[in-house]
Amino acid sequence: MSQSNATLTITGGEALARMLEAHQVGPMFGMGGFQLLPFYEAVRALGLKHYLINDERCGTFAADAWARVTNRPGVVDATLGPGATNLVTGLVESLNAGIPLVAITGDANRDHAWKNMTQEARQVEILRPACKELIRVESTKRIPEFVRRAFAVATSGRPGPVVLDVPEDVCHGEHTFSADEIWADPGTLAAQARRTRPDGRELERAAALLAKARRPLLLVGGGIHVSGAHDALIALAESQRIPVAHTMSGKGAIACTHPLSLGVFGRYSRIANDFIAEADLLIVVGCKLGEIATKRFSLMPAGVPLIHIEIVSEEIGRTTRADIALAADARLALEDLLAALPAGPLPEGRAEFAAAAAPRMAAWLAGAADRLHSNETPINVGRLIHELNQAMGEEDILVADGGFAGHWGGLLFDTKKAGRHFIADRGFASIGYGAPGAMGAQMAAGPKRRVVGLTGDGGFNMTIGEIETARRVGANYVLCVFNNGASGYVKALQHAVYGPGNYQSSDLAETDYAAAARAFGCRGIRVESPDALAGAIREGLAHADCPTVLDVIVTRDPARMLPGVDNRTLRVEKGDRPV
């Protein structure tokens, strides 16, 4: 690098690093190669935080979880070919979930591309549908411009992942930059960037509907966290006496312990689905109303007015008819809706409808006592979630893998204050998110907040190498492995659809994951008795000197693997997916 008072002559890789520094990025995850070597050298020289990952997909998961905790774009990189294609699953998770991410991929030297270069693939075509935008960087001098573009796209509208595809010669090539070219737009450093307000006329119509509704209901998705709309939601719900239900991604919209909280709605529900059936107005906030939230598009009652607040206007009406569309940022829309309501007493019956939430929730919890307080061996997963509810603090974070780790956590875990204290990879629901996601969340939360991950033995088998990464980087989370010797969700579905004993390719070998964790230099605790759960969880939370893996031996009965209903009594209709 050469430098004068007004110019910098640097490689494309250093330009990338300096632009990321200007954007105040957090930890970056990646696995290098020759194409991005100048970028890695610049990261070292500038003192940026970058960590070797053992698998690029896991790097994307870690960056995704870091972004969910901070609302700032996570950063991941990969070399060309297999490195780049390994990002696909994680990118689609972030794309579907609306999580800001910037991914940098090395690509072939353009002077030799398409001449059977080592590891070369049509990666631009592979990655483009997996991200919000793919930017092919064809010129070293345009790197600052394109990095700013990447952050603007990643944080605006519905956030999402942006790929910067950088050919080898662009990364290694030099350019003389003016010093004033290396800058970041402070408005795009975090989501939600570029907020928009709802249309005034539609807002008036929404306020008029809400003003006369006797049994209104708020249905809240993950967009509430992206928008940071928690205070606005609570202000509307409390002042207007409106119960709040949430999707798995929307958990923490208000505290699960709040008297207006109905818990999760959709495929899994405590009492929320019953309230939906009784409501005379539904207000949907930051939710796409997809398959899970609507029980495969059967939950929303016909004839009940629906107000949909959604940042992406074309999502409104996509799955469910909306009577009023408020295409806007969730926080601004909720604030404006409350301000537009007329003064005066609430409609008759409104307070009674809201007041019914707490006693009906208490009754549901009493009915779930057989799971929450179970003394059965092997351990009932409900008992594990109950013990986590007791042990975890209000600032702590639970990260749940895809499959039934997310289902059990989504139904039974209780956040104690508003905010994203429950993270589940519901965008793509990929198995294998638990360990790397917990690592990224712990790095974002810092050592004073504790992070607990939930994963199955199948998910842990996919990503066990990342506990080495977590130990190396000091992300000392607690990981609970549901050890049931099976691909549990698949086995439970086979049990429900084809009957007892009819299982194919869904069993795993019995494995001592506590011993495996110790071999990686982590703390490993095998838990076989429900009475040992509380002590093991407390021990893991108390010791933050290395990651802790709790190898929890849970039920092997496929009729009891899912949290919703007992599969032995479940009738499965053709085309249906049992819960």
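Tutor: A helix here is a DSSP run of H or I with at least four residues, a strand is a run of E with at least two, and both are numbered from the N terminus. Please keep in mind throughout that this is a predicted model.

Student: With that in hand, where does proline 378 lie?

Tutor: Proline 378 is in the loop between helix 16 and helix 17, the latter spanning residues 381-391. The peptide bond that joins threonine 377 to proline 378 is cis, with omega of about -5°.

Student: Which other residues are joined by a cis peptide bond?

Tutor: Alanine 191 and glutamine 192 are joined in this way, with omega of about 5°. Glutamine 192 belongs to the loop that runs between strand 9 (174-178) and helix 9 (200-212).

Student: How much confidence does the predictor place in the protein as a whole, in terms of pLDDT?

Tutor: The mean pLDDT is 95, and 96% of the residues reach 70 or more. Over residues 565-572, however, the pLDDT is below 50, although this stretch still has 20 contacts in the model beyond near neighbours in sequence. Where pLDDT is low, the predicted coordinates should not be read in detail.

Student: What makes the protein as compact as a globular protein of its length?

Tutor: The protein has 24 helices and 21 strands. Its radius of gyration is 24 Å, which is close to the 25 Å that the globule rule gives for 579 residues, so the protein is as compact as a globular protein of that length. Along the principal axes, the C-alpha atoms fill a box of roughly 75 × 60 × 45 Å, and 59% of the 579 residues count as buried.

Student: What share of the contacts joins residues at least 24 apart in sequence?

Tutor: Among contacts between residues at least 6 apart in sequence, 75% join residues at least 24 apart.

Student: How do you know where the buried residues of helix 15 lie around its axis?

Tutor: The buried residues of helix 15 (residues 357-367) are Ala357, Met361 and Trp364. Viewed down the helix axis, they fall within an arc of 60°, so they line one face of helix 15. Pro359 and Ala366, on the other side of helix 15, are exposed. The cover over the buried residues of helix 15 includes strand 12 (261-264), helix 12 (272-278) and helix 18 (404-412).

Student: What arc do the buried residues of helix 2 fall within?

Tutor: In helix 2 (residues 37-46), the buried residues are Pro38, Phe39, Ala42 and Val43. Down the axis they fall within an arc of 140°, so these residues, too, line one face of their helix. The face turned away from that buried side carries the exposed residues Arg44 and Ala45, and just after helix 2, glycine 47 takes a positive phi of about 75°.

Student: Which residues does UniProt list for the N-terminal TPP-binding domain?

Tutor: The unreviewed entry in UniProt lists residues 11-125 for "domain: Thiamine pyrophosphate enzyme N-terminal TPP-binding". Over residues 11-125 the chain is 46% helix and 17% strand. The UniProt annotation "domain: Thiamine pyrophosphate enzyme TPP-binding", also from an unreviewed entry, covers residues 403-552; over that range the chain is 43% helix and 17% strand, with the end C-alpha atoms 17 Å apart.

Definitions and conventions: Residues are numbered from 1 along each chain as its sequence is written. This is a predicted model: local features need pLDDT of at least 70, side-chain atom pairs count only at pLDDT 80 or more; totals for chains, interfaces and linings use all residues. Side-chain values use heavy atoms; hydrogens and water are left out. UniProt positions are given in the numbering used here, feature names are shortened, and annotations may be inferred rather than shown by experiment. Buried means under 20% relative accessible area, exposed over 50%, partly exposed in between (1.4 Å probe, protein chains only). The arc is that of the directions from the helix axis to the C-beta atoms. Contact means heavy atoms within 4.5 Å. pLDDT is the predictor's confidence in each residue, from 0 to 100. The radius of gyration is taken over C-alpha atoms; the globule rule is 2.2 Å times the number of residues to the power 0.38.
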